[in-house]
Amino acid sequence: MRRISVFGSTGSIGQNTIDLITRQGGAQTYDVVALTGASNIELLAQQARALRADVAVTADSARYADLKDALAGSDVEPAAGPEALVAAAERPTDWALSGIVGAAGLAPGLAAARHGGILALANKESLVCAGALLKATCTRHGTQLLPVDSEHSAIFQALRGEEPRAIERMLITASGGPFRTWSQARMADVTPEQAKAHPNWSMGVRISIDSATMFNKALELIEAKELFNMPPEQIEVVVHPQSIIHSMVGFTDGAIIAQLGPSDMRGAIGFALNYPDRQPLPVERLDFAALARLDFEPEDPERFPALRLSRQVMRMGGLAGAVFNAAKEAALDAFLADRIGFLDMARLVEAALDALGSDAAKVTQDITLDNVLVYDQASRQFARQWTATNA
Ligand code: NAD
Ligand code: MG
């Protein structure tokens, strides 16, 4: 039986993954090693019991007793805290999903990358803050990195059987988020509630707000550069409000191959789960008569500075991405806490890059988790000071 682990199993990506695993026979089909969550202990325990996991881990050390109680009478081992998370990721598997949100997913992702098999990556942040390190770890241990982000899954699917030298450009589609047509002046007063409401996709709160600022697309540009070793100048953003085309690849002969599907993450997750096969998935089938039309617009880096900052980070290289990602996470926390406004998020990230980016960019050799975390922490510290003086 295939041994699998799901990191972040209680989240939006995690629950969709558990849904597919369950539909494909659950504990009858898979040897489930580790499932992990943070605050939703009840759901974590329920998933671990149903799939007969070896271990269930909550990232929150203070919730150990709750998890132990919730698992009482089952064979599932309870564990808690960041070290336990990494220890769970060190247990060998054939397939692991990196579905924790934020830089917190980096350490468990790196541990999972050290035992071969497939690492299905939803946690784009780990490629943004430590792309070179994660890729080198995968290469050294014979681990195959598969994208779970819908855009990158689309590109991966479009590239099957193609020669890398025939690739001319990658076109990453973006819905444009809830404020696609808004002026910057109107965006100034956006509340967290408004920013959470994504027009097409149902996702975790953080990525939904990242979609509203277009920081999600900014992360995805870097994710594409890292995953496909693509020069940044050959990666474009196309705003496509319907989110039906998940992304496209343009080839040297002018042909473009696009991947289309409903806005349901189980498409990309299921592709990675069943890779290299395709299995029937419980997603809606596209009805082109009902769709009627697909629209496209150019990106607007004036109203959405996140895209401009992402290109700056790619030009800088080194560990500039660690500064960028941590500042973005800290800015999002400050926005959610009503300490800064919607437009301040990009201002804070730009200020952090100005202050720390060129220093971080010099780190191009011997990259380790520790020096990634040095820049991650410095950037969060900068964000605290910026928030205190600009709030
Ligand atoms: P979510 O907030 O719904 O779930 C996050 C998961 O991580 C939960 O299981 C939570 O318990 C866990 N978690 C949170 N903080 C943690 C910490 N400090 N340590 C350990 N675990 C922690 O998020 P999501 O929307 O499922 O996104 C997960 C990842 O997938 C993100 O990197 C996101 O960018 C990416 N992604 C999500 C979608 C989507 O449709 N939701 C699409 C593409 C990519
Ligand atoms: Mg995406």
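**Ground rules.** An axis here is a line fitted to C-alpha atoms, for helices over the stretch in contact, and angles run from 0 to 180 degrees between N-to-C directions. Helices (H or I, at least four residues) and strands (E, at least two) are DSSP runs, numbered from the N terminus. I am working with a predicted model, in which local features need pLDDT of at least 70 and side-chain atom pairs count only at pLDDT 80 or more, while totals for chains, interfaces and linings use all residues. I number residues from 1 along each chain as its sequence is written, chains are lettered from A and ligands numbered from 1 in the order in which they are written, and side-chain values use heavy atoms, leaving out hydrogens and water.

**Entry 1: the seven-stranded sheet.** I started with the open sheet whose order is β4-β3-β2-β1-β5-β6-β7, with parallel pairing throughout its seven strands. I count two strands as paired if DSSP finds at least two bridges between them. Which strands stand at the edges? They are β4 (77-80) and β7 (143-147); each has a single partner strand, so one side of each lacks a neighbour in the sheet. Ignoring direction, I find neighbouring strands turned by 15 degrees against each other on average. Helix α6 (residues 124-141) packs on this sheet and touches β6 (117-121) and β7; contact, for me, means heavy atoms within 4.5 Å. The direction of α6 makes about 145 degrees with that of β7.

**Entry 2: around β1.** Next I followed strand β1 (residues 2-7) to its partners. β1 pairs with strand β2 (residues 30-37) in the parallel sense over four bridges, and I4 has V32 of β2 as its bridge partner. With strand β5 (residues 95-98), β1 also runs parallel, joined by four bridges; here V6 is partnered by L97 of β5. I then traced the chain from β1 through helix α1 (residues 12-23) to β2, and together they make a right-handed β-α-β unit. Right-handed means that, with the strands pointing away from the viewer, the path from the first strand over the helix to the second runs clockwise.

**Entry 3: β3 to β4.** Strand β3 (residues 55-58) pairs with β4 in the parallel sense, over four bridges. A56 stands opposite P78 of β4. I also noted that β3, helix α3 (residues 64-70) and β4 form a right-handed β-α-β unit.

**Entry 4: the five-stranded sheet.** I moved on to an open sheet of five strands, in the order β11-β10-β8-β9-β12, where the pairing is mixed. Strand β9 (residues 235-239) and β12 pair antiparallel over two bridges, and V239 has E297 of β12 as its bridge partner. Helix α7 (residues 150-158) packs on the sheet, touching β8 (167-174), β10 (245-251) and β11, and its direction makes about 40 degrees with that of β10.

**Entry 5: α14 against α15.** How far apart are the axes of helix α14 (residues 305-316) and α15? I read 8 Å, with a packing angle of about 155 degrees. The two helices, α14 and α15, are therefore roughly antiparallel; I use that word for angles over 145 degrees, with under 35 being roughly parallel, 65 to 115 roughly perpendicular and the rest oblique. The contact is made by A306, L309, S310, V313 and M316 of α14, together with A320, G321 and F324 of α15. Sorted by class, I get six nonpolar, two polar and no charged residues. Nonpolar covers Ala, Val, Leu, Ile, Met, Phe, Trp, Tyr, Cys and Pro, charged covers Asp, Glu, Lys and Arg, and the others, Gly among them, are polar.

**Entry 6: α15 against α16.** The axes of helix α15 (residues 320-336) and helix α16 (residues 344-361) come within 8 Å, crossing at roughly 155 degrees. That is why I call α15 and α16 roughly antiparallel as well. Among the residues making the contact are F324, A327 and F335 of α15 and L348, L353 and L356 of α16. By class, this contact has 15 nonpolar, one polar and one charged residues.

Entry 7: Most residues other than glycine have a negative phi, and most peptide bonds are trans. I marked the cis peptide bond joining Y275 and P276, with omega about 5 degrees; P276 lies in the loop between α12 (266-274) and α13 (288-291). I also marked S243, which has a positive phi of about 50 degrees although it is not a glycine, and I found S243 in the loop between β9 and β10.
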